[in-house]
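Please keep the sequence and the structure in view while reading.

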Amino acid sequence: MSGKISHIVKAFVHRLKSLLTKSSQEEMLGEVLVKKGIISEKQLYSSLEQQKRVLHESGKVVPLGLIIVEQENIAEEDIIDAVNDHYDLSISSLSDNLRILVGKIRANLSEEVPSPRIPIWLQLSVATMIVLAVSISVLSYVIMERQREQLYAQTVKLGTVSLNYVANNAKVPLLNGDTLSLNTLINNVASVEGHYYAFILNNEGMIKAHTNHAKIDKPFTPFTAVESPFIKGQVSYFNYTLPGKGHVLNLSMPIVFQDKKLGEVHVGLSIDFIHNLFVNERAFLAAVALAIIFVSMVVAVLFSFRFSRPVSKLVEATSEIARGNYNFKLDLKRNDELGTLGGAFNVMGSELYRQSVMRESFGKYVGPEVLDMIMKNPAESWLKGRKNEASVLFADVRGFTAYSEGREPEEVVEKLNQFFSIATEVILEHGGYIDKFIGDSVLAVFGVPVYRQNHTRRCVMAAMDMQDRLARASLDGNPLLDRVGIGIMSGVVVAGNIGSQVKMEYTVIGDSVNVASFLSNLAGPGEVVVGGSSEKELIEFIDVESMAPQKIKGREGLVQAYKLIYAK
């Protein structure tokens, strides 16, 4: 039974570690397959390298599981079963995003076992009360102890006065054996409040006078169970417990006449009143302390709420910002640091909103690839001119000038924007970059700013796809869409930030751009003309028709051009 429980615990711990360990989808899948013995580490490394090659060539991320199935001839069902068994999932395809599914399980696990949440107002209130309680207790203890010492010193002083009174007036009666006078002195002393007893001893240790007359002329019995005595001049005193009386302070002083000791006087004072006084004072201080703590608790709670509410509002504002609501504003009318923080937060939201608008608007002009490069590395050297192998696509509307004459500008812009929308959509789908719109023309580049190894094929397929969509869209009554001619030229271009300090733009220049523009003029409505590539390279994926070599003004040599027939 214990072995079974141990196995369950180990399984749970293993599952918990696997869920809480942060790793990419490829690492998670690869580790599982190697651990299950489905593939070796060498096979995993080979599959990862193949995945990188596919990404570089096609620009698409192929799930590692599909690469392993294709490269290692392993059944997809075996990999799915291994993943489902390890993570307790129920995926049905290797195309499923394993990282997201495992992330959901982690989120569910954290929801099931939430960490305790203690509100900040409660933390501040409790901390304030603890500090106050400790401070009041320590202060009360120190004050009470000092008062105790002072009261004890006053009691000793009172006893010393009584001793001096008896010692000074008992000398002659003690020499003469006048017991009546001695007892009169003792009774006078005992009548003072707080005195328990007083008595006089002669040198032989016999009691000559005592507040208890039954003890007169009897030998003195020494005190027992006394604390260590203290001596202050001629006075000696100590504390002890007197049965039936409580705690007593006994003080004694010798009776001296002409440097000759005649006897000794003792006085006993009650010190229980000090204890009783302290008990009463302690109760009073406790009541005062409780009242102070209660009032402090109320004040602390009020102040804590005053500080915690802005924090709660900040949390709410942060959530709104995370959801993209950059216009959310904090209303903290405070003249302290939290008010300053609220103002700074509002400034941050406004700045994020401005940047989001700038990113969204600016991205429409420079393209998402260039925008990402600017946002990530605004000072990088890519802003400078750089040579790249690329394919340039130039699409132009035939007869646009004649079409636009005599028509309303709103109609012309609407029809032209429909052409630009279709061209933009197709170019981006095939991994191209829209350099600019020039009047009724579109200039696009494949291979910059993100390099594509198969940029020529992408560019040609984009041109064929564009003509196909334009032809179908023209059936809705837009005559511009079936009048587009496209020219394509592959070669070296210079890409970079071109312009002045006032206005700059990321663009491409070079001979290939000029040739592509020239070839677009050779293409009739709905046609695509390609230059710069060999016929053998093109016929691998399209049918072409050779055209006569073209002489371009200002360029040495002829350009071989091909007219595309259809895509395979």
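## Briefing on the predicted model

Of the 568 residues in the protein chain, 37% are buried. The structure is a predicted model, and its secondary structure comes to 17 helices and 16 strands. Among the contacts in the chain with a separation of 6 or more, 60% are accounted for by residues 24 or more positions apart.

- Six strands form an open sheet in the order 2-1-6-5-4-3, with antiparallel pairing.
- The edges of this sheet are strand 2 (207-210) and strand 3 (230-232), each of which pairs on one side only, and neighbouring strands of the sheet are turned by 25° against each other on average, with direction ignored.
- Helix 9 (residues 179-190) lies across strand 1 (195-202), strand 2 and strand 6 (260-270), and its direction makes an angle of about 40° with strand 2.

- Strand 9 (residues 441-446) is mostly covered, since 6 of its 6 residues are buried.
- In a regular strand, the side chains alternate between the two faces of the sheet. Ser441, Leu443 and Val445 point one way from strand 9, whereas Val442, Ala444 and Phe446 point the other way, and the residues of both sets are buried.
- Strand 9 pairs with strand 7 (residues 386-397) in the antiparallel sense over 6 bridges, and Asp396 is found opposite Ser441 of strand 9.
- Strand 9 also pairs with strand 8 (residues 433-438), again in the antiparallel sense, over 5 bridges, and here Ile434 has Ala444 of strand 9 as its bridge partner.
- Strand 8 and strand 9 form a hairpin with 2 residues between the strands, in which Gly439 takes a positive phi near 60°.

- Ser47 is found in helix 3 (residues 41-58), and because its relative accessibility is 0%, Ser47 counts as buried.
- Once neighbours within four places in sequence are left aside, Ser47 is in contact with Leu64, Ile67, Ile68, Gln71 and Glu72.
- Thr507 belongs to strand 11 (residues 504-509), and with a relative accessible area of 4% Thr507 is buried, because that value falls under the 20% cut-off.
- The side chain of Thr507 makes a polar contact, at 2.8 Å, with the side chain of Asp435.
- Apart from neighbours within four places in sequence, the residues in contact with Thr507 are Asp435, Lys436, Val494, Ala495, Gly496 and Ile498.

**The second largest pocket**

- Rolling a probe the size of a water molecule over the atoms shows where empty space is left. In this model, the second largest pocket holds about 420 Å³ of space.
- The lining of this pocket consists of 20 residues, and those that lie nearest its centre are His210, Lys215, Phe223, Tyr240 and Leu242.
- Strand 1, strand 2 and strand 4 each supply at least two residues of this lining, and these three strands also take part in the open sheet with the order 2-1-6-5-4-3.

Methods
Residues numbered from 1 in each chain as written. Predicted model: local features only at pLDDT ≥ 70, side-chain atom pairs only at ≥ 80, totals over all residues. Heavy atoms only, no water. Pairing = 2+ DSSP bridges. Helix = DSSP H or I, 4+ residues; strand = E, 2+ residues; numbered from the N terminus. Axes fitted to C-alpha atoms, helices over the stretch in contact; angles between N-to-C directions. Contact = heavy atoms within 4.5 Å. Buried < 20%, exposed > 50% of the residue type's maximum accessible area, 1.4 Å probe, protein only. Polar contact = N/O pair within 3.5 Å; in protein donor to acceptor, adjacent residues only side chain to side chain. 1 Å grid on protein atoms, 1.4 Å probe; cavity = no way out; pocket = protein on both sides within 12 Å on 5 of 7 lines; lining within 4 Å. Points joined across faces, edges and corners; volume = space filled by probe spheres on them.
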